[in-house]
Amino acid sequence: MAAAEFDFETRQIHAGATLDADHGARLTPLYQTAGFVFDSFDDGQGRFNGTIPEPAYSRTDNPTNAAVARRLADLEGGVGGLLTASGTAAIALTLNALAASGDHVLATDSLYEGSRTLFARSFGRQGVEIELIPADAPDEVWAAAIRPNTKALFTETIPNPKNDVVDLERLAGIAHRGGFPLVVDNTVATPFLNRPIEHGADIVIHSTSKWLSGHGAVIGGVVIDSGTFDWAGNADRFPEIALPSRTGVASFVERFGRLAFLTYLRSVTALDYGPTLPPTSAFLLLQGIETLSLRMERHVSNSLEIAQWLEHQDEVANVDYPGLVSNPYYARAQKYLPQGAGAVVTFDLAGGVEAARVFIDSLQLISKMTHLGDVRTLAIHTGSTIHGHLTEDERLARGIRPGTVRLSIGLESVRDLRHDLERALDAVAAAAPVAAAPVAAAAV
Ligand SMILES: *Cc1c(COP(=O)(O)O)cnc(C)c1O
């Protein structure tokens with residue numbers, strides 16, 4: 001089911017599906033099994049060496065997972081995908097496939113905090129240096145950062161939580177001139193709002209735990225390969241993918257063509273590390289994907305309305321939502337996100353941490369929790385939770401102020417959401433005269 005033939009709304013329901021040959025089940029069947037029986041000695045050998053395209057073992061081969069990966073690859077415009085146990089696993093696996101000890105990776109500096117931690121801590125321990133650069137740094141800064149051992153440029157379409165939309169086409173140019181792929185975490189945009197491959201990305205990653213599932217029932221991730229990066233032309237950087245093995249086996253590029261990276265990721269990195277998505281989670285993810293466009297339309301209309309309303313509240317010092325005309329990323333969002341600027345609305349309470357405490361504790365309808373993309377609206381004070389391990393200066397450098405609150409806007413009636421927010425802001429206003437100076441100065 002090619003992109004040219006059918007619209008997004010149709011493909012989110014049909015792409016990649018295989019009909020159940022045994023009984024004609026309409027839904028993609030849930031193959032809840034660890035392994036698959038071989039018909040014979042030869043069948044077992046063929047399933048292992050790839051000459052028989054049937055699964056052997058669910059660590060990398062489950063048919064339910066494969067169907068869901070095909071659908072996501074179709075929606076993103078890629079040649080194939082691999083589901084992983086979480087979004088974090090998708091990022092870790094991808095960068096593990098691209099970079100080894102002694103290598104260097106570039107990333108934009110406004111990122112999901114879990115990615116920053118993964119880069120600094122675990123990749124640092126492995127000897128992979130991941131250097132963060134402001135996305136809009138001048139060309140000279142980017143050019144000077146590129147080294148012979150630079151293996152990837154990593155970014156997020158709509159960085160979580162600051163919504164400082166990146167210029168994907170410029171970043172793709174920087175990566176390709178350097179000779180390495182652009183890897184984009186497209187979690188917050190979803191393929192309904194932005195398809196990074198259309199703007200030059202080579203590999204797209206999602207936390208499928210968020211909007212792609214939508215129901216908040218499962219954790220998961222996916223890696224999607226555009227199939228367009230020139231591995232052979234950069235064989236010195238990527239010998240594992242572009243050169244024959246030590247024992248003379250032809251390269252992944254020679255054997256798998258446009259599927260070279262994905263096949264390496266699946267048959268080497270994922271096989272070795274084993275971060276498998278349970279098939280039940282893939283099945284539940286698929287039920288979410290089939291309504292993605294409808295949900296995203298409502299997510300973004302609710303978000304814009306809430307952001308516009310928040311902007312005019314006395315207790316609110318600043319709203320980071322690129323759908324607002326007043327936002328510095330508005331023009332870029334018009335280009336990259338014409339159907340809406342996502343559903344994360346981050347704002348700063350003027351009263352700092354004490355105002356945030358009163359605000360969070362006054363919410364009744366909105367859930368106080370960390371997560372994104374649920375049908376339910378969620379709120380979190382990031383400075384005391386997600387960014388709680390940082391110093392005040394480190395938080396400020398990331399744009400996280402004492403009163404910063406992140407909302408993941410859900411699908412409830414926008415009037416009911418506004419009432420809940422209004423009640424919480426009224427409580428902040430009522431508490432302000434008492435709470436003001438001394439407590440606000442305390443560390444978060
Ligand atoms: C949540 C999130 C992740 C991590 O995904 P998990 O499924 O929680 O592991 C990665 N990137 C972004 C932008 C996220 O919001």
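**Salt bridges and core**

Modeller: The count comes to 18 salt bridges. Keep in mind that this is a predicted model.

Biologist: What makes arginine 71 and glutamate 290 a salt bridge?

Modeller: The cut-off is 4 Å between a side-chain nitrogen of Lys or Arg and a carboxyl oxygen of Asp or Glu. Here the N to O value is 2.7 Å. So the pair qualifies. Arginine 71 sits in helix H4 (residues 63–76), and glutamate 290 in the loop between helix H13 (279–289) and helix H14 (292–311), so the bridge ties together parts 219 residues apart in sequence.

Biologist: Why is arginine 71 called buried?

Modeller: Its relative accessible area is 1%. Buried means under 20%, so arginine 71 is buried.

Biologist: How do you know that glutamate 129 and arginine 147 form a salt bridge?

Modeller: Their closest N and O atoms are 3.0 Å apart. The limit is 4 Å, so the label holds. This pair links distant parts of the chain, 18 residues apart: glutamate 129 is in strand S3 (residues 129–133), and arginine 147 is in the loop between helix H7 (139–145) and strand S4 (150–156).

Biologist: Why is each of these two called partly exposed, glutamate 129 and arginine 147?

Modeller: Glutamate 129 has 40% relative accessibility. Arginine 147 has 31%.

Biologist: What makes arginine 147 and glutamate 131 a salt bridge?

Modeller: The N to O value is 3.6 Å. That is within 4 Å, so the pair counts. Arginine 147 is in the loop between H7 and S4, glutamate 131 in strand S3, 16 residues apart. Glutamate 131 is partly exposed, at 23%.

Biologist: Which residues are linked in a network of salt bridges?

Modeller: Glu129, Glu131 and Arg147. Arg147 pairs with Glu129 and with Glu131.

Biologist: Now the largest nonpolar core. Which of its residues touch the most other members?

Modeller: Phe119, Trp231, Leu310, Phe359 and Leu407, out of 114 residues. The core draws at least three residues from each of domain 1 (8–30 + 62–289) and domain 2 (293–443).

Biologist: What does phenylalanine 359 touch?

Modeller: Leaving out residues up to four places away in sequence, phenylalanine 359 touches Phe347, Leu349, Val405, Leu421, Ala424, Leu425 and Val428.

Terms used:
Residues numbered from 1 in each chain as written. Predicted model: local features only at pLDDT ≥ 70, side-chain atom pairs only at ≥ 80, totals over all residues. Heavy atoms only, no water. Helix = DSSP H or I, 4+ residues; strand = E, 2+ residues; numbered from the N terminus. Buried < 20%, exposed > 50% of the residue type's maximum accessible area, 1.4 Å probe, protein only. Core = buried A, V, L, I, M, F, W, Y, C linked by side-chain atoms within 4.5 Å. Domains from an automatic or database assignment. Contact = heavy atoms within 4.5 Å.
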